[in-house]
Amino acid sequence: MVGTHSSQHVPPPAPAGTAGPTVAVVGSGPSGCYVAQFLAKTWPDSEITVFESLPAPYGLIRYGVAADHQGTKGVVRQFDRLFTRGGIRFAGNVTVGRDIGFARLAASFDVVVLATGLPGDRELDVPRDPRARVVGAGALLRALNGFPHHGLPRTPLGSRVLVVGIGNVALDVLRLLSKDSEAFTGSDIDDELLGQLRPARPAVLDVVARSDASGAKCDAAMLRELIALDGVDIGAPGLGDQDRGPVADLLRTCAVPAREEPGRTRVTFHFGLVPESVTTRDGRTVLTARRRDGGEPVEFVTDSVVTAIGFTHGAAQDDGCPGPDWADDHVYRVGWLSRGPRGTIAENRKHAQRVVRSIVDDFEAGRITAGRPGFAGVADLLACRVVGFRDWQRIEAAEERSARPGRCRRKITDLDRMLALATGAH
Amino acid sequence: MNELIVLFGTESGNAELVADDISAALQEKGTAVRVADMEDYAVDDLGEADMVVLVVSTYGEGDLPDTAAPFHDALVEAKPDLSGVRFAAFGLGDSTYETYNLGVATLRATFTALGATQIGETGYHDADSGLNPSDVAVAWVSTVLAVATPS
């Protein structure tokens, strides 16, 4: 054969040893996906695998961002493209630490990036009657977001609910609990759980915050969204003239006297209160708090308490949660796992960018090297369980097909059903 | 038209994706396009392109994204003469916020004040609409360019 032109279309195989590094990203939440995205851009020749415990990708975006904030969830379009066109492998249904040991992973990949986030709710560190009804905000948001787990809250929170904390997560809880079912149009809220947790809108939502209004951590935009809801009245007793900042200004202008109309929700913000104990009385949950500036303790008699005071790694006995021994020169941490539960998705993008810069610097300086086999080194171990991106798309298509009227999808919360759909065995 | 530059300012990466897709759609039609991050772009170079397409989101209380703010500051500071520059502007925002698409409004006002000529209407994507921002942006840019290059 003379003058064949096929070589113009087929790139020559890379000589052995010159391929890019192999990379494992553990966790497909925003930080993990951003790391994969920036790394793929910097190292187009690298082989990147994103491991995820669930058959579904995107972690916090799918299960933590409130179901009625689809605009924020739209960020997944970028990541979809990463897996469909960007040559990045999705290895779902694989829990590192359980299905594959960390040591085996670290031995198989040139770079390991841990992006497992902080899935647990930080608990209120006060004496607590075990019979008291206390629910973590993260667990509540996951339940309303169709998270496939059995241990999530399912029973009614009641008509008087107290929320501890005043960050954006607390505002998500307040909004989701006080919004009419019809107002969830376009969302992918789990209607079944919404109906179980909140058969009717609570009449009273009390918010207890340690800080004063000036120190409130929530965004003014989130507070505005709550204030604008139909049927919601705002109260802010004790808000002083000395309180400054957007949260204080907003609350001052929108506070109204309580009105005795059925179907309305009264949200009252209490600042400068430090929780002291959670007890029970006559089957109800009682939170006692102390004023930071002294005075008599304040008592709230409620049906349930929702804590929105931050996140942790999760249960200590959880093998899938990175311990201090998950470390080496070629192992990096990113996002909330590294920085703590602060900052938006955009801030985690910036952090991912910085981590990728240091990975590339380390590689260029010879502090880390290429040569480990990558996914081929673990494939035998995982072959029977990996849910790839195409498999996931079958699950997603089923979720979109079965959406109720006015909803963008109906999440499948049964893991076996997800896996059956993934393998095409439905 | 010779070269067109798509400049994006982003906070979560969505405006970058939109900029890439605008560029791909225009290249398919034979237009030479370059995509650049406002973060990496010197305002003195603005005169070089035949046309500039600005793609920018809005963050916080109506602010420009972190990657666009220094670019905007440099414009305000250096006050380059943009009277030879034609530009189109596309904003990504969320209409549930009072500050909907203020970012692109800020940038557009500054460009215009420095003498630049806006081509076509400002394009908007509303994250609350559920529409794919790339679809909206690609449809928008083709109408804008029809204005820019009347046949």
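pLDDT is the predictor's confidence in each residue, on a scale from 0 to 100. The structure shown here is a predicted model, in which local features need pLDDT of at least 70 and side-chain atom pairs count only at pLDDT 80 or more, while totals for chains, interfaces and linings use all residues. Residues are numbered from 1 along each chain as its sequence is written, chains are lettered from A and ligands numbered from 1 in the order in which they are written, and side-chain values use heavy atoms, with hydrogens and water left out.

Chain A has a mean pLDDT of 92, with 96% of its residues reaching 70 or more, and chain B averages 90, with 97% of the residues scoring at least 70. For the model, the scores are ipTM 0.89 and pTM 0.92. One stretch calls for caution: over residues 1-18 of chain A the pLDDT stays under 50, and the model has 0 contacts there beyond four places in sequence, a contact being heavy atoms within 4.5 Å. Where pLDDT is low, the predicted coordinates should not be read in detail.

Chain A can be read in two parts, whose bounds come from an automatic or database domain assignment. Domain 1 of chain A covers 20-119 + 314-423, and domain 2 of chain A covers 120-312. Taken over C-alpha atoms, the centres of these domains lie 32 Å apart, and 26 residues of domain 1 are in contact with 28 residues of domain 2. The size of an interface is often given as the accessible area lost when the parts come together. Between the two domains of chain A this buried area (the accessible area, with a 1.4 Å probe, that two parts lose on being put together, summed over both) is about 2300 Å², and carbon and sulfur atoms give 50% of it. Tyr63(A), Asp68(A) and Arg407(A) supply 28% of the area that domain 1 buries against domain 2, more than any other three residues.

Charged side chains also join the two domains. Side chains of opposite charge can pair when their charged atoms come close. A salt bridge here is a side-chain nitrogen of Lys or Arg within 4 Å of a carboxyl oxygen of Asp or Glu, and the count between domain 1 and domain 2 of chain A is 5. Arg407(A) forms a salt bridge with Asp191(A), in which the closest N and O atoms are 2.9 Å apart.

The next boundary lies between the chains, where 14 residues of chain A are in contact with 18 residues of chain B. Chain A and chain B bury about 1500 Å² between them, with 42% of that area on carbon and sulfur atoms. Between these chains the count is 6 salt bridges, including one from Arg224(A) to Glu61(B), whose closest N and O atoms are 2.9 Å apart.

Over all chains, the count comes to 35 salt bridges. One of them joins Glu16(B) and Lys41(A), with 2.3 Å from N to O. This pair crosses between chains, from Glu16(B) in helix H1 (residues 14-28) of chain B to Lys41(A) in helix H1 of chain A.

Methods. Helices (H or I, at least four residues) and strands (E, at least two) are DSSP runs, numbered from the N terminus.
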